[in-house]
Amino acid sequence: MNDSFTTAWGAFELARFPENPREQLRAWDAADEYLLRYLKEGPDSGGPVALDGAVVVLGDRWGAVSTALAGTAGSLTAITDSYLASRAIAANLARNGLDPEAVDVRTTQQEPPSRIDVLLVRVPKSLALLEDQLHRLAPALHEGTVVVGTGMVTEIHTSTLQLFERILGPTRTSLAVRKARLIHTAPQPALDRPTNPWPLRYRLPDGIGVLSGRQVANQAGVFCADRLDIGTRFFLQHLPDLGDARRVVDLGCGNGIVGTAAALTAPHAELLFVDESFQAVASAEETFRTALGPDARAEFLVGDALADVPDASVDVVLLNPPFHSHQATTDAIAWRMFTGARRVLRPGGELRVVGNRHLAYHVKLRRLFGNCRTVAGSPKFAVLSATRR
């Protein structure tokens with residue numbers, strides 16, 4: 001869905017990535033508007049915030065803030081954990097005829113700039129990711145750095161403010177405007193901040209098969225980073241017999257538990273771990289290498305589901321699909337994963353999925369594959385299998 005986003009710096013045509021004509025979600029919201037209006041009007045409407053130094057935008061979801069500020073800052077860096085967000089920033093710059101070099105897009109795994117004069121933070125869904133990134137960015141701040149966070153009121157909690165306060169310095173919030181708030185922090189470089197607890201590593205419990213007692217690595221922001229979630233535990237009990245499978249994909253791999261289990265049971269197979277989160281893929285690689293050693297065969301890909309995987313090149317796809325895009329509930333992500341799986345599977349190849357029963361994935365899989373069987377069920381989850389014919 002393309003939408004016109006009007007700001008003090010002009011009007012911009014914006015879209016999410018990948019574009020989906022059926023999807024009605026906008027590429028910006030009231031929190032983006034509020035932040036940009038504050039930058040133009042300044043504290044207590046006393047004039048604009050100076051953007052002639054090093055400006056960093058953390059967590060810009062679809063590029064609304066980065067696109068609006070492109071070319072106005074002394075230097076502009078966007079830091080994101082999302083491959084889709086990084087592509088959205090590039091696509092929205094191009095859509096509006098802006099210089100692609102105007103924004104230096106970096107991942108949360110890369111080194112941040114050494115000096116930051118203005119830090120703009122879109123509060124993420126994951127408090128852990130926010131904690132990790134504030135720790136990583138704090139050394140680059142100075143007493144004159146302007147720090148402004150933004151989010152919808154449902155995204156900003158007492159714990160959110162406590163992180164800013166504990167890691168950066170004194171923090172306050174604004175009044176709500178159109179259900180959005182701003183966070184203002186006065187950085188204190190000499191603050192005695194706690195140690196960054198991320199990444200987190202722990203050992204899996206016994207009784208889960210080949211992964212029992214194995215170590216799992218979790219970068220901040222990865223789903224269920226501090227424990228084995230019940231959906232994955234159920235899935236591990238009902239993985240397919242990989243037999244002579246040559247290539248297996250752990251799609252939406254998270255910390256790589258499912259794919260690592262597959263690799264341990266089928267050492268002959270080549271594993272591909274895919275996620276759109278840079279944090280997730282880094283976690284999956286460490287989990288896999290810890291379990292199987294540095295020379296084990298595997299590929300680790302940050303991307304848009306299976307968009308970069310060749311047709312008919314995979315024997316088995318293992319999937320626990322997400323059903324949220326930030327705060328929005330949507331089946332668009334799962335549908336894209338399902339259609340991608342059908343494309344990349346060889347004839348006779350299998351897609352095996354675990355999901356909450358109420359999501360009724362069997363309906364979509366039967367429509368797409370022409371078949372779907374229930375492998376196992378519980379009051380909350382279903383494990384489904386669809387075969388490429």
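**Exercise 1.** At what angle do the axes of helix H7 (residues 257–265) and helix H8 (residues 278–292) cross?

*Before you start.* This is a predicted model, where local features need pLDDT of at least 70, side-chain atom pairs count only at pLDDT 80 or more, and totals for chains, interfaces and linings use all residues. Residues are numbered from 1 along each chain as its sequence is written, and side-chain values use heavy atoms, leaving out hydrogens and water.

*Solution.* 
- Step 1: Find the two elements; helices (H or I, at least four residues) and strands (E, at least two) are DSSP runs, numbered from the N terminus.
- Step 2: Recall that two packed helices are described by the angle between their axes and the distance between the axes. Axes are lines fitted to C-alpha atoms, for helices over the stretch in contact, and angles run from 0 to 180 degrees between N-to-C directions.
- Step 3: The axes of H7 and H8 cross at roughly 25° and come within 9 Å.

**Exercise 2.** Which residues of H7 meet H8?

*Solution.* 
- Step 1: Look for contact, meaning heavy atoms within 4.5 Å.
- Step 2: From H7, Thr260, Ala263 and Leu264 meet Thr287, Phe288, Ala291 and Leu292 of H8.
- Step 3: Sorted by class, this contact of H7 with H8 holds 5 nonpolar, 2 polar and no charged residues.

**Exercise 3.** Is Gln219 buried or exposed?

*Solution.* 
- Step 1: Apply the cut-offs: buried is under 20% relative accessible area, exposed over 50%, partly exposed in between (1.4 Å probe, protein chains only).
- Step 2: Gln219 has a relative accessible area of 13%, so Gln219 is buried.
- Step 3: Not counting residues up to four places away in sequence, Gln219 touches Gln109, Trp198, Pro199, Gln279, Ala282 and Ser283.

**Exercise 4.** Now try another loop residue: where does Val177 lie, and how does Val177 count by relative accessibility?

*Solution.* 
- Step 1: Val177 is in the loop between strand S8 (171–173) and strand S9 (180–185).
- Step 2: Its relative accessibility is 29%, so Val177 counts as partly exposed.
- Step 3: Leaving aside neighbours within four places in sequence, Val177 is in contact with Tyr34 and Arg37.
- Step 4: Val177 and Met152 are 25 residues apart in sequence and 9.2 Å apart in space, C-alpha to C-alpha.

Conventions: Ala, Val, Leu, Ile, Met, Phe, Trp, Tyr, Cys and Pro count as nonpolar, Asp, Glu, Lys and Arg as charged, and the others, Gly among them, as polar.
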